[in-house]
Amino acid sequence: MATEVLMPALSPTMEEGTLAKWLVKEGDSVASGDILAEIETDKATMEFEAVDEGVMGKILVEAGTEGVKVNTPIAIMVAEGEDVPDEAPKAETAPAPAALGSEEGKTAAPANAAPAPAAPKPDTTPDWPEGTEMRSQTVREALRDAMAEEMRRADEVFVMGEEVAEYQGAYKITQGLLDEFGARRVIDTPITEHGFAGIGVGAAFGGLRPIVEFMTFNFAMQAIDQIINSAAKTLYMSGGQMGCPIVFRGPNGAAARVAAQHSQCYASWYAHIPGLKVAMPYSAADAKGLLKTAIRDPNPVIFLENEILYGRSFEVPVLDDYTVPFGKAKTWREGTDLTIVSFGIGMTYALEAAERLAGDGIEAEGIDLRTIRPMDTDAILASVMKTNRLITVEEGFPQGSVGNYITSVVMEQAFDYLDAPVINLAGKDVPMPYAANLEKLALVTTDEVVEAAHKVTYR
Amino acid sequence: MAARKTTARSKASAEELLSYYRDMLLIRRFEEKAGQLYGMGLIGGFCHLYIGQEAVVVGLEATAKEGDKRITTYRDHGHMLACGMDPKGVMAELTGREGGYSKGKGGSMHMFSKEKHFYGGHGIVGANVPLGAGLAFSDMYKGNDNVTFTYFGDGAANQGQVYETYNMAMLWDLPVIFVIENNKYAMGTSVQRATKSPSLWERGAAYGIAGEEVDGMDVLAVKAAGEKAVAHCRAGKGPYILEVMTYRYRGHSMSDPAKYRTRDEVQKMRSERDAIEQVREALIKGKHASEDDLKEIDKEIKAIVNEAAEFSKESPEPALEELWTDIYA
């Protein structure tokens with residue numbers, strides 16, 4: 001049966017090429033894999049092989065022809081002993097590819113594209129019932145309790161990382177876990193972030209629920225390919241077949257006097273990635289409730305803690321089991337004059353500033369995002385529509401910050417409500433210095449929040 | 001510590017030989033068809049064909065039992081067919097259609113099947129190696145005797161995370177078989193131009209991991225080595241490395257002009273060492289099958305591949321709403 005040989009596409013971007021040279025002539029027998037011709041693309045000269053065996057019946061495009069479009073018939077192959085038909089047979093041709101993203105394409109729009117006509121109604125239900133007994137607990141203890149409770153609940157939950165077992169945790173977050181759960185479920189790793197992050201992701205694919213501790217998120221840079229390319233993208237790439245229920249947790253951001261390589265906030269880095277969830281608690285109660293939610297979540301969760309907050313005490317509900325949902329901000333302080341949005345240790349400066357501003361007669365609303373992705377933009381918008389002024393506070397670098405994103409959301413959805421330009425407070429645009437005086441200058445401070453509040457309120 | 005090149009060949013019945021012939025031929029014909037569809041513009045992007053390396057996965061799959069897992073890099077079509085995934089679903093993923101294993105959202109390098117315990121299809125060279133060890137970890141944690149076949153190439157063998165994984169796999173006795181498919185070229189760089197190590201499997205010795213070199217053009221030799229490796233892992237003795245010496249006949253990807261090796265080198269391998277031809281000869285010489293029997297098999301395989309190609313063209317492109325699904329579970 002006669003078939004047309006078509007000009008092949010030999011690279012992802014090739015649209016046409018030069019038929020440089022025929023290596024067979026009419027009447028030659030051809031076996032599968034024989035080179036028929038040399039074709040020049042914009043990148044290289046490629047050899048073009050025969051797919052089926054047969055006889056070269058007729059050459060339709062002469063050697064040396066330039067600009068031969070992909071899928072143009074270039075020759076006719078016939079079976080042994082067969083004549084070349086007068087009418088060229090139709091080879092299988094590709095259907096015209098559908099134009100990407102044209103016509104009826106735009107059905108599902110990004111969540112923040114449509115203008116919000118009315119003030120959104122954020123979820124303001126209490127995280128635990130009114131009147132729940134509370135007790136004081138450090139963030140460190142709350143995190144440990146969250147892991148222990150979840151490990152008691154489900155055997156597939158385990159924790160791995162450097163010094164998590166026998167040493168009881170470099171920052172003592174896993175204290176006591178080895179004693180209670182044993183070496184099968186509390187696993188010391190060698191210092192090998194890239195490798196154990198990948199092993200954790202593989203274990204999650206295999207049906208377990210790993211908690212991978214990074215001694216600090218600075219070290220997770222060694223593992224970031226596994227976090228993003230393997231953990232975050234596989235559900236999508238598998239068409240929904242294979243998810244990755246894993247928690248990557250550890251201290252993030254500046255500690256004290258540990259300089260550039262150990263002092264960086266990764267909130268905006270991970271918040272950039274579809275497929276990841278990113279939590280960054282401030283209080284002990286949220287640390288516990290959010291970590292339990294993270295461990296139960298079927299998706300990869302980046303859980304950003306803070307070394308300076310570990311030892312700080314907060315009121316924590318005395319309940320056998322409570323969780324804090326993702327995507328629900330917490331309003332620490334209500335106010336009418338401006339909105340301060342922050343998360344993690346940034347809340348320290350936000351709330352200190354709010355207290356000082358109250359002394360000056362300025363009432364600030366203090367919103368703690370708790371999770372950066374998903375982000376409770378409803379809570380931010382509802383507050384801005386009330387106060388008409390917004391400051392964001394974070395420790396990360398200024399360019400491409402979480403605050404920048406919040407500002408764009410507010411610009412798109414509440415522009416008419418703004419009475420002053422939004423101010424994004426962030427760490428300074430420099431690697432963290434070691435010297436005490438310079439380090440202080442590099443970090444965002446309560447004074448800066450107070451100053452910005454005066455600026456946006458014009459008083 | 002095993003320190004040798006295995007020369008053992010697995011004994012195989014006529015029935016087994018015929019099934020290896022069929023499985024290898026399916027991969028070859030499928031890949032040839034994929035190359036053709038790529039030339040027609042129906043398959044886009046990168047498309048890495050497995051032609052020439054068929055004996056590696058077919059020989060190793062012959063040693064697997066239900067529950068065993070497999071994971072590989074981006075040259076993954078052969079692995080999927082060998083573990084029983086549907087050629088229609090694989091081809092339709094290559095054409096980016098709704099009927100593909102990933103609904104058209106993964107493409108050639110990113111396909112998965114939970115049902116067949118195939119964990120991808122990974123596009124980042126070397127990244128699948130710790131993932132494979134993690135899968136093995138999950139089986140050890142659950143206390144079963146499953147093993148994970150973790151395939152990677154001679155190129156990936158120079159990635160640092162491979163050695164991080166070797167260290168932990170041995171430290172924790174993980175039931176993982178590291179299969180180095182040494183096809184001699186990492187894209188356009190020959191093994192000799194990438195390392196002075198005389199062999200890749202021997203690097204495992206630094207971590208105490210046993211292993212051996214295997215003739216990857218001989219499906220029975222691969223199977224014999226695989227049986228040994230599987231027994232080692234199932235017995236709880238930890239990981240095992242197989243460096244399987246193989247050869248890819250086609251370019252690294254479709255857009256590879258292959259100027260780093262001579263046409264003669266490829267032809268020599270094809271005419272003297274071809275894995276499918278070897279089994280074909282064994283079948284004929286052993287009078288296990290006649291030329292007509294084999295022609296009949298060729299016809300069957302061609303029909304399967306043509307059916308897959310037709311399906312991959314007819315299956316619609318994914319619905320536009322699919323852009324926004326499967327981001328979160």
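This is a predicted model: local features need pLDDT of at least 70, side-chain atom pairs count only at pLDDT 80 or more; totals for chains, interfaces and linings use all residues.

In which loop of chain A does A:Pro374 lie? The loop in question runs between β20 (371-373) and α10 (377-387) of chain A.

The peptide bond that joins A:Arg373 and A:Pro374 is cis, with omega at about 0°. Most residues other than glycine have a negative phi. A:Asn71 is found in the loop that links β7 to β8 (73-78) of chain A.

Let me now turn to the overall form of the two chains. Chain A contains 13 helices and 22 strands, and chain B contains eleven helices and nine strands. For chain B, the radius of gyration is 19 Å, close to the 20 Å that the globule rule gives for 329 residues, so chain B is as compact as a globular protein of that length. Its C-alpha trace spans about 55 × 50 × 40 Å along the principal axes.

What radius of gyration does chain A have, given that a compact globule of 459 residues would be near 23 Å? The value for chain A is 30 Å. The C-alpha trace of chain A spans about 95 × 60 × 45 Å along its principal axes. Chain A is divided into domain 1 (3-78), domain 2 (134-317) and domain 3 (330-457). Between domain 1 and domain 3 of chain A, the C-alpha centres lie 63 Å apart.

I shall continue with two sheets of chain A. One is an open sheet of four strands in the order β5-β4-β2-β7, and its pairing is antiparallel. At the edges stand β5 (45-49) and β7 (65-69) of chain A; each has a single partner strand, so one side of each is left without a neighbour in the sheet. On average, neighbouring strands of this sheet are turned by 40° against each other, direction ignored. Within the sheet, β4 (residues 35-40) of chain A is joined to β5(A) by five bridges, and the two run antiparallel. Which residue of β5(A) stands opposite A:Glu38? That residue is A:Glu47.

The other sheet is also open and has four strands, in the order β1-β8-β6-β3 of chain A, again with antiparallel pairing. Its edge strands are β1 (3-6) and β3 (29-30) of chain A, each of which pairs on one side only. Two bridges connect β3(A) with β6 (residues 54-59) of chain A, and these strands run antiparallel. Here A:Ser29 stands opposite A:Val55 in β6(A).

My last topic is the contact between the chains. How many residues does each chain bring to it? Chain B gives 50 residues and chain A gives 52 residues. On the side of chain B that touches chain A, the elements that give two or more residues are α1 (14-39), α5 (128-142) and α6 (160-171) of chain B. The largest share of that side, ten residues, comes from α5(B). By residue type, the side of chain B that touches chain A divides into 24 nonpolar, 17 polar and nine charged.

After α1(B) comes B:Gly41, whose phi is positive, near 85°.

Thank you for your attention.

Notes: Residues are numbered from 1 along each chain as its sequence is written. Chains are lettered from A and ligands numbered from 1 in the order in which they are written. Two residues are in contact if their C-beta atoms, placed from the backbone, lie within 7 Å. Ala, Val, Leu, Ile, Met, Phe, Trp, Tyr, Cys and Pro count as nonpolar, Asp, Glu, Lys and Arg as charged, and the others, Gly among them, as polar. Domain bounds come from an automatic or database domain assignment. Two strands pair if DSSP finds at least two bridges between them. Axes are lines fitted to C-alpha atoms, for helices over the stretch in contact, and angles run from 0 to 180 degrees between N-to-C directions. The radius of gyration is taken over C-alpha atoms; the globule rule is 2.2 Å times the number of residues to the power 0.38.
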